Amino acid sequence: MSNSEDTEQQVRESEVDMNPPKRLRTTETLTGGKDREEEKSTVDVSIVMPVYNASCWLDDCLQAILVQDFTGSMELSVFDDASTDDSKKVVEGWRERLEAKGISVVISGHNSEQPKGVGYAKNKAICQSRGQYLCFQDADDIMLPQRIRLQYDASVLHKNSLIGCRVQRVPEGSTERYTRWINTLSQDQLITQVYTSHGPSVVMPTWFCSREWYQKVGPFDEGGKGVPEDLLFFYQSLRHGGGLFRVDQCLLIYRYHEKAATHSVTEETIWKLRVDFLQERVLSQWESFTIWNAGKQGRKLYRSLSPANQKKVKAFCDVDENKIQKGFYTYEESKERPKPKIPVLHYKNASAPFIICVKLDMTGGDLEENLNSLQLKEGIDYYHFN
């Protein structure tokens with residue numbers, strides 16, 4: 001660790017680039033008249049790391065970056081979002097070891113009274129970086145040694161895509177269903193299950209993509225606390241025709257803890273974004289459809305739809321005989337007269353396409369078995385929403 005007074009002064013300064021990156025590959029010839037910075041070729045991969053009060057995790061995180069087996073050129077680009085702990089100093093303490101391994105280091109940040117949010121910090125870290133490819137790394141997670149190599153190889157093959165990987169969740173057993181979903185989605189389901197409450201089917205802590213694709217899709221929303229900047233970027237990537245791909249190896253130890261930024265986003269914020277995206281991408285293409293679940297979640301989806309899409313709902317379906325025997329769901333809040341009455345059917349008597357509002361992996365396999373019995377194709381005959 002460097003303890004020089006100069007370094008300590010730099011750590012305290014706001015929005016300061018603590019040294020230009022070193023060990024960058026340069027073009028073979030430099031022509032006069034151009035800015036010398038522009039003449040330097042980019043590094044292959046920039047590790048993009050927003051930091052906020054992460055000092056207790058940074059040693060593990062940075063040690064994992066140090067031992068990457070990628071043979072191309074790398075840099076670490078850190079932006080500190082007004083940490084009140086010694087996060088910046090911890091990162092600075094790793095500079096010498098990282099640069100000795102050929103990994104250039106760029107550190108900046110601000111010391112405003114309040115953090116400006118993850119989206120802001122990611123954008124800043126990207127702006128100050130030079131990589132042709134971007135590897136997103138949360139400061140509280142740990143990448144496995146082959147992460148950058150394998151995701152780089154995948155990104156070169158899958159242009160204009162967000163590349164993910166399988167994860168190990170710690171503490172073990174936390175968010176068990178979510179972790180299983182992350183790791184077991186098929187390649188097709190990465191595309192079809194983008195409307196579920198789990199969020200991006202390629203999860204943000206595992207993202208890897210080209211700088212060119214980030215520039216086409218981005219930047220991240222800088223609305224700050226409570227804004228799901230990763231979900232917004234994910235949807236925007238899909239709108240631009242972007243692909244999704246997962247390296248089917250565990251390349252990241254994904255830490256769960258109560259201080260994670262994701263906990264600041266409300267369920268209702270996510271719900272509205274999901275409903276809007278579902279209407280835009282799926283329901284706009286359908287003339288009519290059935291909502292699978294006549295209970296609370298299915299009725300909530302119906303009420304959240306635009307009037308035009310409410311009119312497309314030909315039925316609810318369920319397995320609950322009590323709901324089926326009632327025969328109809330009456331939309332009491334409607335201003336229409338008479339109030340809309342939607343039939344409630346047994347799923348075997350209902351017709352596709354379906355929007356399924358039953359939670360995945362929660363019915364002991366019954367939902368999945370019922371779906372299979374109808375010989376339906378996900379992404380054509382139905383989409384999961386919950």
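How close do the axes of helix α11 and helix α12 come, and at what angle do they cross? The close-ups below, all taken from a predicted model, start with that pair and then turn to a sheet.

**Close-up 1. Helix α11 crosses helix α12.** Welcome to the helix pair: α11 spans residues 267–281 and α12 spans residues 296–304. Their axes come within 11 Å and cross at roughly 65°. Angles of 65 to 115 degrees count as roughly perpendicular, so that is how α11 and α12 lie to each other. The crossing of the two helices is right-handed.

**Close-up 2. The residues where α11 meets α12.** Look here for the side of α11 that supplies E268, W271, V275 and L278 to the contact. Helix α12 answers with Q297, K300, L301 and S304.

**Close-up 3. An open sheet of six strands.** To follow the sheet across, read the strands in the order β11-β12-β10-β9-β13-β14. Their pairing is mixed, and the twist from one strand to the next averages 25°. Strands β11 (328–330) and β14 (382–384) are the edges; each has a single partner strand, so one side of each is left without a neighbour in the sheet.

Close-up 4. Strands of a sheet pair through backbone hydrogen bonds, either parallel or antiparallel. For β11 and β12 (residues 341–346), the sense is antiparallel, over three bridges. A handy pair to find is T330 and its bridge partner in β12, K341.

Notes: Residues are numbered from 1 along each chain as its sequence is written. This is a predicted model: local features need pLDDT of at least 70, side-chain atom pairs count only at pLDDT 80 or more; totals for chains, interfaces and linings use all residues. Side-chain values use heavy atoms; hydrogens and water are left out. Axes are lines fitted to C-alpha atoms, for helices over the stretch in contact, and angles run from 0 to 180 degrees between N-to-C directions. Helices (H or I, at least four residues) and strands (E, at least two) are DSSP runs, numbered from the N terminus. Angles under 35 degrees count as roughly parallel, over 145 as roughly antiparallel, 65 to 115 as roughly perpendicular and the rest as oblique. A crossing is left-handed if the near helix is turned anticlockwise from the far one by less than a right angle, and right-handed if clockwise. Contact means heavy atoms within 4.5 Å. Two strands pair if DSSP finds at least two bridges between them.
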